[in-house]
Amino acid sequence: MKSRSAIHGKPRNRIVLGAAIAALLPGFAQAQQADGALGIEEIVVTAQKREERLQDVPIAISAISADQIEKRRIDNVLDLKALVPNLMVSKYPNSNVVSQVAIRGGVTVNAAMYWEPSTGMYLDGVYLGKAVGSVFDVVDIERIEVLRGPQGTLYGRNTMAGAINLITRKPSGEFSGAATIEVGNYDHHVEKVSVDLPRVGIARVSFGVRSESRDGLVDLESGSPGTELDSRDNFGARFALGLDISDCVVADYRFDYTDVDQMPPHSQLYSVTPSNALFTAAAAYASKDREDSVATNWPGYEQLELKGHALTLGWDINDTNTLRSITSYRDLRNDDSVDLDGVPLTIATANRISDYDQTSQELQWIGSASRLNYVLGLYYYEDDGYTINPHVFFFGTDSSQYGFGAESMAAYAQFDFRATDALTLTAGLRYTDEDKDTERYKSVTGAGAPIARVEADKSFSDTTPMASVAYRFSEQLNVYLKYSEGFKSGGFMGEAGNAVEAVTPYDPEEQSTWEIGAKMSSADGQLQLNTAAFHNEIDDMHVNQFTGLPGVSVVRNAGQATTQGVEIEGIWLPTDALRLQLSYGYLDAEWDEFMEAPAVGQPISNVADNRSFPHAPEHT
């Protein structure tokens, strides 16, 4: 099997050959104002479910336009890490298709599908339920919006740390297209084609495809199962259909497809403390230098197929009121195998065969009346999945299996009241009710205990409010103060080590946030500066703990934490040929309480002083 993956600490050379059939993506980083003067382009965002200027939205938000996406070679969510303050994005250590997204210290670090992400990711308004499959290449991205801080009112489930909106381009109804070829070392090549077809009656159609292939970065030595690791071989496609049914009714259908068949990264053994003959033998393969040729004894691969359907219906009732329906269905198949020890000895291996699907339905009423803007909504979400997760260890085997499902319903409302031309008061509220279920089975040879098939279910609910005050001192200065709360429901430990733990739920994670910010721009439109300061208090934070049992990593409610910091984003266009851009984030993340048993049978104690925050650098 030949497969492809991400660059790992090696230089990459790339040449881009572009054959632009026609200009495709709108928006420019530098735009001419009406009087001919140079100015920063005005970006319109939909972070609050309505179109608004970026500088008018009273939340910490970064927006990346189509022009910047193209110039900065942004292909997927991994490329955002250098653009947004206090945002960390990385791949899961032994997978190229799973992302770890951390905003302001909020992160989920386990790739198992019974875990819920801390940052909500959305594609054209559709929530993407799991971290598995989140590293995909979206064709024809028009805009990316990164919302920092809890978005519990308008977005809901699992947006405690924030939300990332990926918005694709709508079909234009005019014939146009673009094609590019990228080539680089390791036989790396990427082909992209995007085409808009002429309008036919009420229909507008566009489609795009992207194919990527690259040799592995790590060669497998003779006798190993395969020839390489850490390679790329994936294909993505997108189809968009717009139907202008009438002057006030529009239907938009989106289909996205991802197919991955490649090799995972190499799990390199870094250090070994010899304690028996096997570990002494393994120590000979440990290295603190990155290896480019290794030997293993377990086959590695990652295969994923993802299909997504979304239908958005919009009805402009009148000039001030719109009804919108967003219906979606997504289906995921994932099959991977990893040699966890990375040496030609059987110490730890893992397979993961997952089947997952999700369905969602959202109804929105967006309107305005005199000095009042409002958004009302109803939301329904359901998912279901099952993972077969066998392991082979040096002392035996583990045929771990777990099922997981959720059904979530929510109602929300948000109102913006312009008390004066300068002062805007905002209040919002969301009620969420969520049912979780689990199924667990495990048989073991060697060490460990089996688990007969057990099932359980549990309901969780919460109300998440938000309130803000925004004051516009002038067209160039807008300040705001915001309070918001976030909620991530509890659930079950799919990889629980015993039957009691498998049916015992962990509690929801909750967060409250204060934020103050300012959005500034110069009168000539050539300078823009946005700042924010925040203070988060997190209760019952979900953490990943390895229990010491074979292949068992479980969710715990560790305790309380406080994260706080500041963020600065600036753009300056000193000339029509030069753009200077700054993004800086400072983060102070500390545990207030981290309850843990130091050893089996020992009492639980607070070890907050001896625990660090993952993916929470002090400076970005």
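## Rings, strands and cores in a predicted model

Arg-104 lies over the face of Phe-534, 4.1 Å from the ring centre. A charge sits over a ring here if NZ of Lys or CZ of Arg is within 6 Å of the ring centre and within 35 degrees of the ring normal. Lys-49 does likewise with Tyr-155: its charged end sits over that ring, 4.1 Å from the centre.

A quick word on ground rules. This is a predicted model, where local features need pLDDT of at least 70 and side-chain atom pairs count only at pLDDT 80 or more, while totals for chains, interfaces and linings use all residues. Residues are numbered from 1 along each chain as its sequence is written, and side-chain values use heavy atoms, with hydrogens and water left out.

Back to Phe-534, which belongs to strand β31 (residues 527–539) and sits on its covered face along with Gln-528, Asn-530, Ala-532, Asn-536 and Ile-538. The uncovered face includes Ala-533 and His-535. Strands are DSSP runs of E with at least two residues, helices are runs of H or I with at least four, and both are numbered from the N terminus. Two strands pair if DSSP finds at least two bridges between them. Strand β30 (residues 509–521) runs antiparallel to β31, joined by 12 bridges, and Thr-513 has Asn-536 as its bridge partner. The hairpin of these two strands has 5 residues between them, and Gly-525 takes a positive phi near 75 degrees there.

Elsewhere, 3 strands make an open sheet with mixed pairing, ordered β17-β16-β20. Its edge strands, β17 (228–229) and β20 (293–294), each pair on one side only. In the antiparallel pairing of β16 (residues 218–220) with β17, there are 2 bridges, and Asp-219 stands opposite Glu-228.

Now for the aromatics. The whole structure holds 15 aromatic pairs. Rings of Phe, Tyr and Trp (its six-membered ring) pair if their centres lie within 6.5 Å; planes under 30 degrees apart count as stacked, over 60 as edge-to-face and the rest as tilted. Here are two of the pairs:

| Pair | Centre distance | Plane angle | Class |
|---|---|---|---|
| Phe-279 and Phe-394 | 5.8 Å | 70 degrees | edge-to-face |
| Trp-365 and Tyr-374 | 5.8 Å | 85 degrees | edge-to-face |

Phe-279 lies in helix α2 (residues 277–283) and Phe-394 in the loop between β24 (372–393) and β25 (396–418), so this pair ties together parts 115 residues apart in sequence. Buried means under 20% relative accessible area, exposed over 50%, and partly exposed in between (1.4 Å probe, protein chains only). Phe-279 is partly exposed at 23%, as is Phe-394 at 41%. In the other pair, Trp-365 is partly exposed at 36%, whereas Tyr-374 is buried at 12%.

Tyr-114, Tyr-356, Tyr-402 and Phe-404 form one aromatic cluster. Setting aside neighbours within four places in sequence, Tyr-114 has contacts (heavy atoms within 4.5 Å) that include Lys-130, Tyr-402, Phe-404 and Phe-492.

Tyr-114 and Tyr-155 are also among the residues that touch the most other members of the largest nonpolar core, which has 44 residues. Such a core is a set of buried Ala, Val, Leu, Ile, Met, Phe, Trp, Tyr and Cys residues joined through side-chain atoms within 4.5 Å. Strands supplying at least two residues each include β6 (61–65), β21 (301–316) and β28 (451–474), and β25 gives the largest share, 4 residues. A second, separate core of 21 residues includes Val-101, Met-121, Val-146 and Ile-164.
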